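User: Could you take a close look at the aromatic rings in this model and walk me through how they are arranged?

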Amino acid sequence: MADVNTIARYIYQRAPTYGIDPNLAVGIARYEGLNPNTLGSSTFGNRDARGYSFGPFQLYSGSPDPSKIAPGGLAYEFQRRYGQAPSRENWQQQVDFSLEMMRDRGTSPWYAVRDQGGVDAITRKGANFANSVGLLT
C-alpha cells in the first residue's frame, strides 16, 4: 500500500507529462484525498455528503456502496475506461486519469480548488506541501 509521500512524489513527477503544474496537482490531491485517513481506509475512500469518493483525487462515485458506482462522476468514467472501480491497487491509474481530466476539463471537478481559495492559492499550498515532503529542490 502506497503512503502519502510515495503518492505525492508520483503526482509531482507525472503532472508535467500532462501539462499540469505539479504544485497545483499535489495541492489538489492534498486537500482531496492525499491523507492517511483516506489512503488507509478499507475502501480507499471517504464518505462525502452524497456518496463515496475514492483515492488521492477523490473520484466521485455517487453511491454510498463502493461496489455500485453510479453514472455521472469521475469514478464512473474511471470504471468505464479501466474496467474496475477505483481502489488502493490502481492508485497510479487514478492519478494519471485525474491529471488527464485536469488537462482536458480544468480543475472544476475538484472542490478543494474552490474551498482553498482558487487555483493560485491551492498551487501555493501545493508548493508548501511539496517542499515539506522534499519534492522541491
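Analyst: Phe 97 is buried, at 1% relative accessibility, where buried means under 20% relative accessible area with a 1.4 Å probe, protein chains only. The model is predicted, so local features need pLDDT of at least 70 and side-chain atom pairs count only at pLDDT 80 or more, while totals for chains, interfaces and linings use all residues. Residues are numbered from 1 along each chain as its sequence is written, and side-chain values use heavy atoms, leaving out hydrogens and water.

Phe 97 pairs with Phe 78: the ring centres are 5.6 Å apart and the planes are at 85°, so the pair is edge-to-face. Rings of Phe, Tyr and Trp (its six-membered ring) pair if their centres lie within 6.5 Å; planes under 30 degrees apart are stacked, over 60 edge-to-face, and the rest tilted. This pair links distant parts of the chain, with Phe 78 in helix 4 and Phe 97 in helix 5, 19 residues apart; helices here are DSSP runs (H or I, at least four residues), numbered from the N terminus. Phe 78 is buried too, at 0% relative accessibility. Ring pairs also bring in Tyr 82, giving a cluster of Phe 78, Tyr 82 and Phe 97.

Across the whole structure, the search finds 5 aromatic pairs. One of them joins Tyr 52 and Phe 54, stacked at 5.8 Å centre to centre with 10° between the planes. Tyr 52 is buried at 10% relative accessible area, and Phe 54 is buried at 1%.

Notes:
Buried < 20%, exposed > 50% of the residue type's maximum accessible area, 1.4 Å probe, protein only. Helix = DSSP H or I, 4+ residues; strand = E, 2+ residues; numbered from the N terminus.
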